[in-house]
Amino acid sequence: MKKILVILLAVMMIFGIAGCQQTAGPDKTVSDLLDAMKAWDTAALEEYMGLEDIYGATDMDMSSEEAEMTDALMKALTANLDYTIVNTQEDGDTAIVTADITNVDMSVVMAEYITQVFALYFSGTDMTEEELNTAVFELLVTSIENNQETLVTNTVDIELTKVDGEWVITADDAFYNAVFGGMMTAFEDWE
């Protein structure tokens, strides 16, 4: 389960690195990034973020099977992502785009997931570490899919800065939390 958290946090941190759109306004930059995330279009995200390999950028030693599982998980996490740009304020080379971001309520997902993980751990089933990791990934994806109708909307202010004529998103915890349906808050509640 720790590996899932590490991979998710590493992938989320990638989006704080960059996010540019030449000659487009800040609202278009935010829309383009959110659209690529919503479709979990890794090719677009890699190009948009200036990365050769979105999973390689995490510096995680991932097998091809782990990369496939992570891809399936990220697709599940972003399948219900939706947003509305509410307002855009530009002031020279800075801007704030206010967006309502909707996704599956991860507090509900995590409650179901934790129950299932505990049941798995205490079931007495003999599993290798690899089998256990696969089962834990599958439980999380299933928990997300089971709760697709339970949505939460967060309003966030997304800061952008113009660098060399391109708008660059400064993603923060509020942005990640909104995009991933309150997942960061759900993780904090565990502590």
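Student: Why is K75 called partly exposed?

Tutor: Its relative accessible area is 44%. Buried means under 20%, exposed over 50%, and partly exposed in between (1.4 Å probe, protein chains only), so 44% puts K75 in the partly exposed class. Keep in mind that this is a predicted model: local features need pLDDT of at least 70, side-chain atom pairs count only at pLDDT 80 or more, and totals for chains, interfaces and linings use all residues. Residues are numbered from 1 along each chain as its sequence is written, and side-chain values use heavy atoms, with hydrogens and water left out.

Student: And what makes D71 and K75 a salt bridge?

Tutor: The rule asks for a side-chain nitrogen of Lys or Arg within 4 Å of a carboxyl oxygen of Asp or Glu. The closest N and O atoms of D71 and K75 are 3.3 Å apart, so the pair qualifies. Both sit in helix α4 (residues 64–78), 4 residues apart, about one turn of the helix; helices are DSSP runs of H or I, at least four residues, and strands are runs of E, at least two, numbered from the N terminus.

Student: Is D71 buried or exposed?

Tutor: Buried, because its relative accessibility is 17%.

Student: How do you know that K38 and D82 form a salt bridge?

Tutor: Their N to O distance is 3.6 Å. This pair links distant parts of the chain, with K38 in helix α2 and D82 in strand β2 (residues 82–91), 44 residues apart. K38, at 33%, counts as partly exposed, and D82 does too, at 40%.
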